[in-house]
Amino acid sequence: MAESARGVGWPRDASKGPASGSRTRPVDGPNGLGWPDGSAESEAADALALVTLGSGFAAWADGDGQVPYRLQRALAAVSRETDAGTVESEDQVATPVVPGSAADTPIARAARAAVVARSGGELWPRPRECRVITIANQKGGVGKTTTAVNLAASLAMHGARVLVVDLDPQGNASTALDIEHHAGIASVYEVLVEGQPLASVVKKVAGFQQLYCAPAAIDLAGAEIELVPMVARESRLARALGGYDASSLDYIFIDCPPSLGLLTVNALVAAPEVLIPIQCEYYALEGLEQLLRTVELVRSHLNPVLTVTTIVLTMYDGRTRLASQVADEVREHFGAAVLGSVIPRSVRVSEAPSYGQSVMTYDPGSSGAQAYLEAARELALRDVQSPVG
Ligand SMILES: Nc1ncnc2c1ncn2[C@@H]1O[C@H](COP(=O)(O)OP(=O)(O)OP(=O)(O)O)[C@@H](O)[C@H]1O
Ligand SMILES: [Mg+2]
């Protein structure tokens with residue numbers, strides 16, 4: 001690993017934005033969700049888009065029959081992009097070809113996205129039993145949260161019942177799913193430290209029929225220390241998940257903080273599967289050895305079924321030779337565990353959390369949304385028989 005990681009890349013991305021929980025939200029829409037352009041023209045385009053897209057909203061309407069506002073906005077955005085024949089600036093960036101994908105033009109993408117958003121798309125096969133997947137990488141800003149949120153949203157859009165457990169005190173996954181997570185809100189902290197049932201903190205994500213989130217508040221930062229003297233401190237999350245009725249779920253994603261502390265160890269003990277997002281940047285492979293060693297330790301002492309089943313390449317910038325070098329290195333080392341779909345660096349992906357959304361609803365026609373959709377499809381369809389780690 002260290003051997004081949006040498007010489008790949010340039011200094012770590014300094015453009016990583018602030019934690020989304022600390023971002024100021026853009027101008028809010030009537031339902032409290034922001035959107036970038038509130039002009040009369042765009043409102044007219046929105047209305048036109050909704051008329052054009054017609055009656056296929058039933059599958060997406062909330063219990064009261066209302067079309068979720070964020071979906072209306074997302075569909076309108078698709079329509080605007082298509083009508084104007086414009087291409088968002090990120091699309092100037094060469095993105096990797098997703099194997100098996102049809103023509104990747106903005107209009108083709110928008111059309112596919114609109115179909116998915118209207119009907120929920122094709123139903124993907126659901127696992128026989130709930131798959132619990134820990135998303136871990138102690139390196140910060142590699143796309144753990146973005147991957148957790150967007151895979152979860154994609155799967156939920158295709159019929160799966162999904163829970164995202166936010167195990168990061170930054171609460172970024174909770175922010176991206178628009179779940180309240182300020183101090184005083186019952187969160188994963190109460191579950192881990194005070195032994196509250198997980199069900200008591202799980203919230204439904206608006207705009208999705210079957211997407212749920214167990215939020216993290218900042219007090220979770222203290223849990224790393226508070227857990228130390230506790231009995232079975234490494235298996236508190238496993239115990240909480242064991243007491244949760246997962247028969248009503250198909251996937252649980254656990255979003256880890258950027259460390260290999262007790263919170264991440266709890267996540268590794270609680271799940272049979274590990275998904276590692278790897279940023280296509282300098283030093284991408286450094287530190288992976290340490291993560292794999294931790295996985296090995298947890299497997300040998302605490303969780304014998306733990307396996308690294310999935311690697312996702314994130315923030316791929318096709319304009320750089322470095323990105324493809326990193327991708328090649330990773331494929332060489334991890335083989336079939338690496339998803340074929342590579343997530344491009346995409347402005348839309350980075351904008352979505354500040355609107356309390358996944359990119360799947362914020363701009364379903366964007367290259368980032370399409371890549372995550374494809375990645376989620378692979379995850380749902382793939383045979384999990386080629387593990388590494
Ligand atoms: N494909 C992408 N294109 C552009 N920006 C991205 C992409 N994926 C993630 N980002 C942005 O990069 C930053 C880091 O992503 P993210 O928060 O998902 O990483 P993380 O590994 O969860 O970080 P942390 O270690 O702090 O928890 C965020 O600002 C996010 O919006
Ligand atoms: Mg994160």
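Author: Happy to! R293, L297 and H301 are exposed on one side of helix α11, where exposed means over 50% relative accessible area, buried means under 20%, and partly exposed is in between, with a 1.4 Å probe and protein chains only. This is a predicted model, in which local features need pLDDT of at least 70, side-chain atom pairs count only at pLDDT 80 or more, and totals for chains, interfaces and linings use all residues. Residues are numbered from 1 along each chain as its sequence is written, chains are lettered from A and ligands numbered from 1 in the order in which they are written, and side-chain values use heavy atoms, leaving out hydrogens and water.

Helices here are DSSP runs of H or I with at least four residues, strands are runs of E with at least two, and both are numbered from the N terminus. Helix α11 takes in residues 288–301, and its 14 residues should span 20 Å at 1.5 Å a residue, which agrees with the 20 Å between its end C-alpha atoms. The expected span is 1.5 Å times one less than the number of residues.

Now turn to the other face. L288, L291, L292, T294, V295, V298 and R299 are the buried residues of α11. They cover an arc of only 155° around the axis, so they lie on the same side of α11; the arc is that of the directions from the helix axis to the C-beta atoms.

What do the buried residues of α11 pack against? Their partners are α10 (262–270), β6 (273–279), β7 (307–314) and α12 (321–334), with contact meaning heavy atoms within 4.5 Å.

Of its 389 residues, 54% are buried. Among contacts with a separation of 6 or more, 80% are between residues 24 or more positions apart.

The buried residues of α15 include S367, G368, Y372 and E374.
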